[in-house]
Structures are given as structure tokens and as C-alpha cells.
Amino acid sequence: MNANEEPVDGEVLSADDRGAPAVADDVLPDTLHLIPIPNRPFFPGQVQPVNIDLKDWSGTLQSVAEAGHGLLGLSYVEGDNLDGADPRQFPAIGCAVRLHRPPMAPEDNGHFLAQGVKRFRIVRWLNDKPPYLVQVEYPRSQGDRDSDEIKAYAMALIKEIKELLPLSPLYSEELKQYMANFSPNQPGLMADFSAALTTATGEQLQEILDTLPLRSRMEKVLVLLRKEREVAELQGQITRQVNEKVSDNQREFFLREQLKIIQKELGISKDDRTSDVEMFEQRIAELKLPEAADKRIREELRKLSVLETGSPEYGVTRNYLDWATSVPWGVYSKDKLDLKNAREVLNEHHEGLHDVKDRILEFLAVGAFKGEISGSILLLVGPPGVGKTSIGRSVADALGRKFYRFSLGGMRDEAEIKGHRRTYIGAMPGKLVQALKEVQVSNPVIMLDEIDKIGASYQGDPASALLEVLDPEQNSEFLDHYLDLRLDLSKVLFICTANQLDTIPGPLLDRMETLRLSGYVAEEKLHIAKKHLWPKQLGRHGLAESQLKINDAGLKYVIDSYCREAGVRMLEKQLARIMRKSILRLLDGKEEKLRVGRKDIEDLLGQPLFQRERPLRGLGVVTGLAWTAMGGATLPVEASQIHTLNRGFKLTGRLGEVMKESAEIAYSYVVAHLKDYGCDPDFFDVTMVHLHVPEGATPKDGPSAGITMATALVSLARKDRIKRPLAMTGELTLTGQVLPVGGIREKVIAARRAGILELILPFGNRRDFEELPDYLSEGINVHFARNYREVFEFVFDEHKVDKALH
């Protein structure tokens, strides 16, 4: 070997003789048996135990023993199925190792000690099935170990290793093992040893094993060492932080224990039970308990004082006392009885809804006149998004009362209202007790949201449990099952909300005063958008008022073409969508300020969702008016002559039972009075008539389309179409009487939205129409009909119509 040559990898030097190689090239065999190892490759000079599955590799170990040289090839192979590894999975370069204490008996569990000797390169496969056998050669490291560059890299490696030593004792042990077996002047072995120190991935370490040029190998190892040092420093920092936290906790624990001992020596110590008893006694002293509640709570307190803290009964009793003393017995907030302030609060938070505001102000006026506001139960009914929940908050603000809201939607267990009995594990009071505990007053405003969506199950009927809560004659002595104490809820103002009344049980509905929120017309929506929704969304999106503006024409187009629902929830969503799109344009840097007008809306929101409603016209076509849970809607009715072969009457349009009966009544009435209305008396005797209500996918029901269907049949029989925009609603009887119907406000809003300004309403609904605000009734011509003869004259007698209009 030349003086400037790197020694053979794996020249193991004894402690006594650092010059003579323990294994020479001519001693290394040309063929090696291979065993694949997972996770990471083995390096020359490395000495560590290897674990294998003895039942898979016992044949390989037996072959090595028979060969006599005690050398084995270890190759890094990815994956778990090592015993069936394909030769293509084996890397070209592996490490020849000497076996020490090879496992031969089953009790050895496949452990043996391996000493890395030298790199080998696979030349040819002699057996590609276990036991694997290959022909190998032993490549040498490339490079002059005495060059200044190599020495510089070696010094850099030593420096990195020295910086690693203080960070972990494991590195120190590895270094001692290396120094005991190898010369520090062997840069190749030093590079391999340094790589083996790191926690790099198997692929990265295999790349080091494959690199024969010394400079390149040391360069790659240096990168791994620096990463290892950074990770070790971060780990040390995390460990210090954890230790500091643990030390603080231990210090606090020891100090508390010392404090307990000092207090015990001085006779001032208190155990947990004494502390609990004193806490509850202090709470009781601050409350104005009714006599029965005071007696019951003190009995439970005496029981707590004799129970052992470790017993289950102690925990149950303590929880009961915690809840019972957390209820604000006798604590009431002072009401603000300033009507001017209440009116300002309601007007500030809500646009329109004048009838609802007036009713709330009447309620507050009575309280101001009496000097106190007693409990009451209000039910706000209206479509989604009209502001029912927010009105409850406004009432609380106007009164200066605490506000608590919980939803009844989907509630199926009456214990949610009245509490669980204490015998159950995990028992708790009902929602009303929880509400009083949270607000800490006995006269809050409690909102029961979605009372029309309450459920029932085998666990009880919550709607029945609410009968006691919402009855002013009973709720002064409301009994919660958990507390088993009478609570006075008579000073609580309950505000319930619902979308419809049909699903609310009659006895429960009878206990509440109903206020209807019919929805908003386009003008009201415009004011709401300008005054409330747009500023709210600007703040939510972090925009200044000067950065993004929208004009009235743009808002009107959004309302008319994208948001036809009764409420403003969809309008708020569309305004938020406009802002998101606008922010994207601002961030693109093209503009610093944006002005949104009508022409920009379709670019921001896409094609309009709604086109302007154009009432259907033609022979046998009449426009009706309908009420839905989403507000009012126009409802065209079509009657058509199918053939004249025989008599018949067909109905389509997904009509409910009541609406089918209305159609049959209208058909019977018109057939019986054909001559009275100028029709051929034999028309229906030979005619198959089809009556259809469009939008067949939408369910429809109710009696209010009676006069609309009759008018469609009369138009068909007279062969006389309605020549002007006209809409009507009213129930028709078999004798031709027109009965009043509900939802007049919503229906008028729907007609105004469709551009129909002439209506026919039942005479019994005259008061409902006259009570409408001026902005709804202005410009609308209404004919009030007592019977169908008057309806017919308003529709088909032009002279009478002109006279009525003038």
C-alpha cells in the first residue's frame, strides 16, 4: 500500500498494533451470502447487533458457517417482505461483515453481532433465491487521504462531531467505540462512522455507502451532520422547556404540601369537605331563598358535612348543591322603562316590521304604566331570514335585560326542559335552570328558537313539558326534576320563534301571543342592505367604506334578480359574495378602489337566478295568490279543453287534498251556473277539461284558490280571456259564497313584486288589507267580493270594472 493511498475500508487495527491490517484483500472471499436488512445500511467499521428472522435465514447462516471465513454480505432493501426480495431491489454496493456469536439455536431469537469489514460490489448473482449467493469485488476509496483538501474536510467532520457530543451522550459512546478500534487518520472510515451517527433516512445513507470518491463522500456526510446538529439542538431546546415546566409544577406541588403541613401545625388547615361547606354557606348567605328551597338546601348541606369526600354520594350531593346555589334566587335586574329609548333601539336594529314593533312597544308601555314588566310569552312567526331571532335580542337590549337563547329544533327528550332525576348517572338540570345560572338573574329574556320543529320520542314529549313553562298561571311554580325545587319563572319574558304554526300543538299555541313577520318588500330590503347588511359585511371582510361601494341600482338588481325570498339571509350571502370577488380584484393590484353598479353584478354573481315574473295570459288562464312558509307567491291556474268526446275533469300540479276539494267545488259550482254567466249550458256535458297548477314539482294545498279555479273554468266556457293584469284569492263555497283567507300581507307583497296592481280579495279580508302599511297598499286597486257573482262582474264585465275603478 502506498503512503498516499486510503487504506482498505474495514482494515481493523488492534489496540496494540495500529499498522497491520486484520483482514487483507487476498483473505476476503470472491463470493458472499447476502441477507437484506431494513431501515438503514451497514457501514464498514460499524459494530452493532443485527436482528433477523431465524426461520427465514437459518439456511444462509448455515452456509456461512460451512464456508469457514465467517463473512456475510448485508444489503439495505426497502420494504417489509425481505425474505422474498427480488435481486433488482438490492443495491449494487453493500457491506461485508464478520459474524460474532451467530445464532444457531431457536432461543437465540435471531440476534448476532456484526462487525463491518469492507464495501463490496455485486458482480454476478449465483443464486437469486434465499439463501442468496453473489460474486463480489471490493472497490477501494478514491482520493489522496494526505491532501490538504481531505484533511480540511476531516477537520470539519471532527468539529461537527465535537459540537454534537454535548447534545447527546449517545454520540460520546459511539465516538469512544470508534477511537478504540480505528486510527483517526483514516478519513474514509471517519466519514462512514460520521454517517452512521446520524438519524438520516435509509436512502440518504445508502447514497453515502455508494460514494467511493473521498471528497464527495465527506462532503455529503458533512451536510448530514449539520442537519443532525440542528435537530439535536431543537430537541434539546424542547427538552429544556418541558423540564422547566415540570420543575415549576413540582416546585408548586412541594410548596403546597409544605403549606398544608404548616397550616396543620398551626391548627388553621381545612380539608376539602370543610372548604366546600364554607363555600356553599357563603353562597346561601348572598341569596334570597324561598322557605322550601332554603330548608332543602340546608338539609343537603348537613348531609355533605358528614359524608366522606371519597364516597360517590359526596360527589352527587356536591353537584346538587353547586347547581342549587348557582340559581339566582330572588335576584332581578332593573328594567329600562324608557319608551323613547326602546323605539330607538328597535328602529336602529330593524327596518320595517312596524306592526311587530308597535306590539312590542305596547307591551313595554303597559310595563312602564304599572312600574314593572311581568313575564309574557310572545311567538314570532315568519319565513326564514326576516329577523325573528334578532328581534328577541333587540327586546332584551331595549329592556336592559340579560338575553339567553337555545334552540328547540330536533329536541326529543323532555328532560332537556325539566331536567333529569338525580338517580341517573350524569344527571343535569333542564335548559331553563342552566339559562338562569348563566345569566345570574331571575328575569331574563329567554328565546325558544324553532318551537315548530320540536320532536317527540320514547323519552317523552318536550312540547308537553313546555305547557307548564309557557303558562303564566303555572310557571310561577315550575318544578325542575333535578333540583326538585319550585322555581318562579313568572318574571321571565319568553320569546318563541317559528316558521309555521301547523306543527305546533294546539294547547301550546293557545298559551302564546302570536306576532306575524310577513317578510320584506323590495324597498325595505334596499334600506336593510344599505343601512345594515352592507356595513356589516364590510367590517367582516376588513374593507374600508372608501375601498368598495355599491350604488342603489346595483342593490336593486341584486334584490330583484337573485334574492326573491321573504327574508334577507340570501341577500346577505350575495353581498358577501360580491365582496369576496371584489377583494380578489383589489389584490390583483389593478385598482385600489372599486365601485359596483348594475352592469357589474352579473360579472360578480353570474346569470340572474330569477327573471321578472310575467303573469301567464290566455284563454282559461287566471293568476291566483298563495301563501307559503317562504312568503307569498303568485299561483297561475290553467284550464284547457282536451276533447269533446265525453264529459270529464282532470287535475294535475301535485295538489293537496284540500286543494283538490276546492277544484271539485269550483267545477260543480260553475257547471251548475253556466247559464247565469253567459256560457253554453251543455259545454261541460261533452267536454273533457284539464285543470293544471304549474310548477308541478312543488306541493300545493289550501282552499284559497277556489275563486281562481272557478274563474279559469268560466273563462274557458265563455271562450273569453282576461285582458288585463289581475290576481285573486278566496275560498269558494258550493253556493257561491267567497270566504276570507289568511296571509293577505304576503299575498299583496307577491302581487306587487310581480307587477300586478289589481286584486280581488274576499270581503271578509277588507280589515286585513286596510291595516297594511301605506307603502304596501299604495297604488293597488282592490275589489272585495262577498260572492262569486261579484268576482265574475269584476273580471268579465268591463263596464262595471270601469265604474269601480273610477
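Strand β7 (residues 376–381) and strand β12 (residues 493–498) run parallel and are joined by six bridges; helices (H or I, at least four residues) and strands (E, at least two) are DSSP runs, numbered from the N terminus. Within this pairing, L380 stands opposite T497 in β12.

The model is predicted, with local features requiring pLDDT of at least 70 and side-chain atom pairs pLDDT 80 or more, while totals for chains, interfaces and linings use all residues. Residues are numbered from 1 along each chain as its sequence is written, and side-chain values use heavy atoms, without hydrogens and water.

An open sheet of five strands has the order β8-β9-β12-β7-β13, with parallel pairing; two strands pair if DSSP finds at least two bridges between them. Its edge strands, β8 (403–407) and β13 (513–516), each pair on one side only. From one strand to the next, the twist averages 20°.

Axes are lines fitted to C-alpha atoms, for helices over the stretch in contact, and angles run from 0 to 180 degrees between N-to-C directions.

| Helix | Strands touched | Angle between directions |
|---|---|---|
| α12 (residues 388–399) | β7, β8, β9 (445–449), β12 | about 165° with β12 |
| α14 (residues 431–439) | β8, β9, β12 | about 150° with β8 |

Elsewhere, the axes of helix α7 (residues 272–285) and helix α8 (residues 291–306) come within 9 Å and cross at roughly 165°.

Key. Contact means heavy atoms within 4.5 Å.
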